[in-house]
Every structure is written in structure tokens, then in C-alpha cells.
Amino acid sequence: MQRLWPTPGEINDIAALVADEARPPWAARPWLLVNMITSLDGAIAIEGRSGGLGGPADAAVFAALRGIADVILVGAGTARTERYGPPRPSAATRRARQARGQAPAPRIAVVTRSLTLDLASPLFTEAEERPLVIAPAAADPARLAEVAAVAELVLTGGAEVDLTAALAQLRRGGVAVVTAEGGPILNANLAAADLIDEWALSVAPRLVGGDAARAVTGAPPVDHRYRLERLLEGDDILLSRWVRQR
Ligand SMILES: NC(=O)c1ccc[n+]([C@@H]2O[C@H](COP(=O)([O-])OP(=O)(O)OC[C@H]3O[C@@H](n4cnc5c(N)ncnc54)[C@H](OP(=O)(O)O)[C@@H]3O)[C@@H](O)[C@H]2O)c1
């Protein structure tokens, strides 16, 4: 993998490079980064899944961005479509995390309004630590009780999830860095509340046409400015890091 910017050169240890980057938590909420991959023409999926877009370089950055997270945040649609399982960091990642004072593995947090989750899936049955489920306080109490049997509930708002409040709850629980992995609806809700401190975008060398969603879809327009902090290349994929200019 090559670093194109700020200083060109070969990257031997992407996990160490990512871990050295500054991600200071706020007093009221964690640092939140969103990691997404798109085609050259901005599609986030091929035949409904993102896996077809990536390659080894993108997988390495994906693992590195998971490796620094206390919590991996994901929209329920993506958790369902991509069949999310529990994070399984490598032995080296676990050691590096513990050396930084983090838990050996990050926790998954699923954002859902409907609570339509497969509670018998490995995400819930095989997790080292119970996943978090972020849901509206006004959700069906019987369903909430079922979810609470296999996950830790983070309840906010009334009929809707208040993402700012949910992140504040995570921060009070000691969470410093959140890596969000989409999808586009969760991203739109995060952007609407101006919660995206960092945008990690991989651009894959494919032009796919069709009508796949963009990385942020379905909420009011925003105009938030980001500054380029790092640009890598591997397998012809551009791997960029953009930080919010406030
Ligand atoms: N290229 C990439 O990097 C990438 C990354 C991730 C996903 N994807 C693709 O994105 C597609 C799936 O995306 P999606 O449209 O299903 O969007 P999504 O954002 O993954 O999921 C939407 C669902 O998440 C929950 N949700 C999101 N924000 C919420 C909020 N503020 N309050 C309450 N619930 C909230 C709701 O779940 P409930 O329906 O349970 O209420 C909502 O229906 C797939 O094709 C996947 O491959 C691509």
C-alpha cells in the first residue's frame, strides 16, 4: 500500500498508522468516524452488497478502523443485509488494543426503530460482549424485553432514536471512539445532527451504473466541510481520511 499524501511512501503497518492518528473524544460524546466504500460513480453496493467493491487494501483499512473503535455503530438495515456477526479481531489487534487500554474487541451497536433483528444470529449468540441495541424509548415493551435478553439496550427519545443522546450515553459509559459502518440512512441521520467527525472513504476502481444508493441518502441536505488528512492507494483503491472542519 502506498501513501500518496501528505508524505508519499510505502505503508507496511496500516493498523499502526491508523492508530497513531488523533481522534480526541468530545466531553459530551465520542469521536465518530464513518467508514464507507463507493464505486467511481458513487454507488455503495453491487447487487445489494458492498463486498463486491472492496479488495485487500480496503479490507486492511476496514480492519484497522475497527481495530481502534470502542464501538462499531451500524444501521439495522446494513446489519441485516450484510449479515453482521460479532467482531473477531486478530491476536495482534487484541494486543495493540489492550496496550492502549481498550477492551480486546470492540462492541457492535445496532441502531433500529423497528427492532427487527435476528436475536438467534451469531451477532447476539457468539459475541464476546453483548452487543448494544440503540432504539427509541417508545418501542414495544415486549419486544424490548426480548432484545434485552441478548443485548444491552440504549434507549433514547420518544418514537425516534436521538443519535446525539445515544452517543452521549456511550460517552458516559467510557466510549471514546466510534467507527460507524453505514449504511446510508444511518449516515444521513448522523450528518443531519452534524455528528460525523471523520469520513473514511474508499473509492474502488469500478464504474457500476445502476441505481444503488449514495453513501448518505434520505435526510435533509447539509453542507459540511471536511479537510483531507490522509490519502493512500492499494489495489487501485483510493483510501482517504477526511476530518470535519468546524
Ligand atoms: N459501501 C459501503 O461502504 C456500505 C456500508 C454499509 C452499507 N452499505 C449498503 O447499504 C445498504 C443497506 O443500507 P440501508 O438502506 O438498509 O440503510 P441503513 O442505514 O444500514 O439501515 C437503515 C435502518 O437502520 C435503522 N436506523 C438508521 N438510522 C436510524 C435512526 N436514526 N433511528 C432509528 N433507526 C435508525 C432503521 O432500522 P429498522 O428498519 O430496524 O427500524 C433503518 O431502517 C446495503 O446495500 C449495504 O450493502 C454499503
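Me: What do the buried residues of helix 7 pack against?
Reply: This is a predicted model. In it, the buried residues of helix 7 pack against strand 3, strand 4 (71–75), strand 6 (132–136), strand 7 (152–156), strand 8 (177–180) and helix 8.

Me: And which residues of helix 7 are the buried ones?
Reply: Helix 7 spans residues 163–172, and its buried residues are L163, A166, L167 and L170. They cover an arc of only 95° around the axis, so they lie on the same side of helix 7.

Me: What comes just after helix 7?
Reply: G174 is found there, with a positive phi of about 95°.

Me: What holds paired strands together, in general?
Reply: Strands of a sheet pair through backbone hydrogen bonds, and the pairing is either parallel or antiparallel.

Me: Take strands 3 and 8, then: parallel or antiparallel?
Reply: Strand 3 and strand 8 run parallel, and four bridges join them. As one example, L32 has V178 in strand 8 as its bridge partner.

Me: New topic: the ligand. How many residues surround the ligand, and which are the closest?
Reply: There are 28 residues around the ligand, and the closest are G75, G77, T78, G182 and G183. The elements that give two or more residues to this shell are strand 3 (31–38), helix 3 (76–81) and helix 8 (184–192).

Me: How does the shell divide into nonpolar, polar and charged residues?
Reply: The shell around the ligand has eleven nonpolar, twelve polar and five charged residues.

Me: Zooming out, how many helices and strands does the protein have?
Reply: The protein has eight helices and eleven strands. Its radius of gyration is 17 Å, close to the 18 Å that the globule rule gives for 246 residues, so the protein is as compact as a globular protein of that length. Along the principal axes, its C-alpha atoms fill a box of roughly 55 × 45 × 35 Å.

Me: What share of the residues is buried?
Reply: Of the 246 residues, 40% count as buried.

Me: Last one: what share of the contacts joins residues at least 24 apart?
Reply: Among contacts between residues at least 6 apart in sequence, 70% join residues at least 24 apart.

Notes
Residues numbered from 1 in each chain as written. Predicted model: local features only at pLDDT ≥ 70, side-chain atom pairs only at ≥ 80, totals over all residues. Rg over C-alpha atoms; globule rule 2.2 N^0.38 Å. Buried ≥ 20, exposed ≤ 12 C-beta atoms within 10 Å, placed from the backbone. Contact = placed C-beta atoms within 7 Å. Near = placed C-beta within 6 Å. Nonpolar A, V, L, I, M, F, W, Y, C, P; charged D, E, K, R; others polar. Arc of directions from axis to C-beta. Pairing = 2+ DSSP bridges.
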